[in-house]
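User: I'd like to go through the labels used for this model and see what backs each one. Can you take me through them?

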Amino acid sequence: MGEHPSPGPAVAACAEAERIEELEPEAEERLPAAPEDFDPGSTGYISTGKFRSLLESHSSKLDPHKKEVLLALADSHADGQICYQDFANLMSNKRSNSFRQAILQGNRRLSSKALLEEKGLSLSQRLIRHVAYETLPREIDRKWYYDSYTCCPPPWFMITVTLLEVALFLYNGVLLDQFVLQVTHPQYLKNSLVYHPQLRAQAWRYVTYIFMHAGVEHLGLNVVLQLLVGMPLEMVHGATRIGLIYVAGVVAGSLAVSVADMTAPVVGSSGGVYALVSAHLANIVMNWSGMKCQFKLLRMAVALICMSMEFGRAVWLRFHPSAYPPCPHPSFVAHLGGVAVGITLGVVVLRNYEQRLQDQSLWWIFVTMYTIFVLFAVFWNIFAYTLLDLKLPPPP
């Protein structure tokens, strides 16, 4: 937006009073400074009338959607006062807590047409718009995401995990000379990535089992689900949040097996996939009226059918006569662990777009519950197997 003087003491006072996150230096240089005559008392606040004048002077440099958000912000302040830093944060693509609260409390309906009705968009713009309507329930958030998304970085987490899963499956298939129902091969469990109850002290197996799949049918369903659901979610919420849900589902899945199905091994990424899909579906149900994705009921039904098919296959395989007795086939309990993570931690993570997790009380409740479960499962693995005098299958 060109070079301007550094923000004055009004901005600093507002930032301290409202606990707004600091702007990056390069962002500050592009922002218009609040003129002293707008805030002669250096309070950090200006009147909504003067705010509109400031907005008009920079309206040519604003995206239409961003201007609408600013107008909604101005209209939501019934006291006639607005924090200048909220304007500065929006101009630098930062959403402060006070800004979010102002939008949430505003009663103004956006006057312009919905994002979905806009014409003449390029293919990439239509894709971003589609992702916004697939994952976000509020028009204000959809427009914010549409304006601010740059595809940098791309959804690298889901892409990386998927490529690793496919590559290791192909490598293992060549090694075993078997691609369908690989898990029935006598040498399958000898892989150092599989979780096996006799080798539960090797902590990496509680995570690395996701790179081993029962067969091409198992891998195919998981890859399709995590790409169709996981990639759009990562485009909106970022790799950190989606990676957190995925890894938490993976760990919960293997730990759930070690507690509830103690003699069975575990393979496949279903724990992480089910965490993502169940979180997304629960978010749609909780925000049903706001979700504008096309054919949402049909899409939910298809996702549930695919999950049920994959889960049914896992149950059938678990009780099918084993190819390497006395060790049973892999457990299906990891799926249930993933679902539990998705409808608790996952829903909180996806519920409010860009709201800081540490500001949500439910986040801390579910994190505490998850931590207690992990600690319980760790102690269970240390002591329960001995106390129960359980007969485990021999190591592979």
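Analyst: H11 passes H13 in a left-handed crossing. This is a predicted model, where local features need pLDDT of at least 70, side-chain atom pairs count only at pLDDT 80 or more, and totals for chains, interfaces and linings use all residues. Residues are numbered from 1 along each chain as its sequence is written, and side-chain values use heavy atoms, with hydrogens and water left out.

User: What makes a crossing left-handed?

Analyst: The near helix is turned anticlockwise from the far one by less than a right angle; clockwise would be right-handed.

User: Why are H11 and H13 called roughly antiparallel?

Analyst: Their axes, lines fitted to C-alpha atoms over the stretch in contact, come within 11 Å and cross at roughly 150°. Angles over 145 degrees count as roughly antiparallel, so H11 and H13 get that label.

User: Which residues make the contact?

Analyst: With contact meaning heavy atoms within 4.5 Å, H11 brings Glu217, His218, Leu221, Asn222 and Leu225, and H13 brings Cys306, Met307, Glu310 and Arg313. By class that's four nonpolar, two polar and three charged residues.

User: What makes something a nonpolar core?

Analyst: Buried Ala, Val, Leu, Ile, Met, Phe, Trp, Tyr and Cys residues have to be joined through side-chain atoms within 4.5 Å, where buried means under 20% relative accessible area (1.4 Å probe, protein chains only). The largest one here has 64 residues, and Ile242 is among those touching the most other members. H11 gives the most to this core, with 14 residues.

Notes. Buried means under 20% relative accessible area, exposed over 50%, partly exposed in between (1.4 Å probe, protein chains only). Helices (H or I, at least four residues) and strands (E, at least two) are DSSP runs, numbered from the N terminus. Axes are lines fitted to C-alpha atoms, for helices over the stretch in contact, and angles run from 0 to 180 degrees between N-to-C directions. Angles under 35 degrees count as roughly parallel, over 145 as roughly antiparallel, 65 to 115 as roughly perpendicular and the rest as oblique. Ala, Val, Leu, Ile, Met, Phe, Trp, Tyr, Cys and Pro count as nonpolar, Asp, Glu, Lys and Arg as charged, and the others, Gly among them, as polar.
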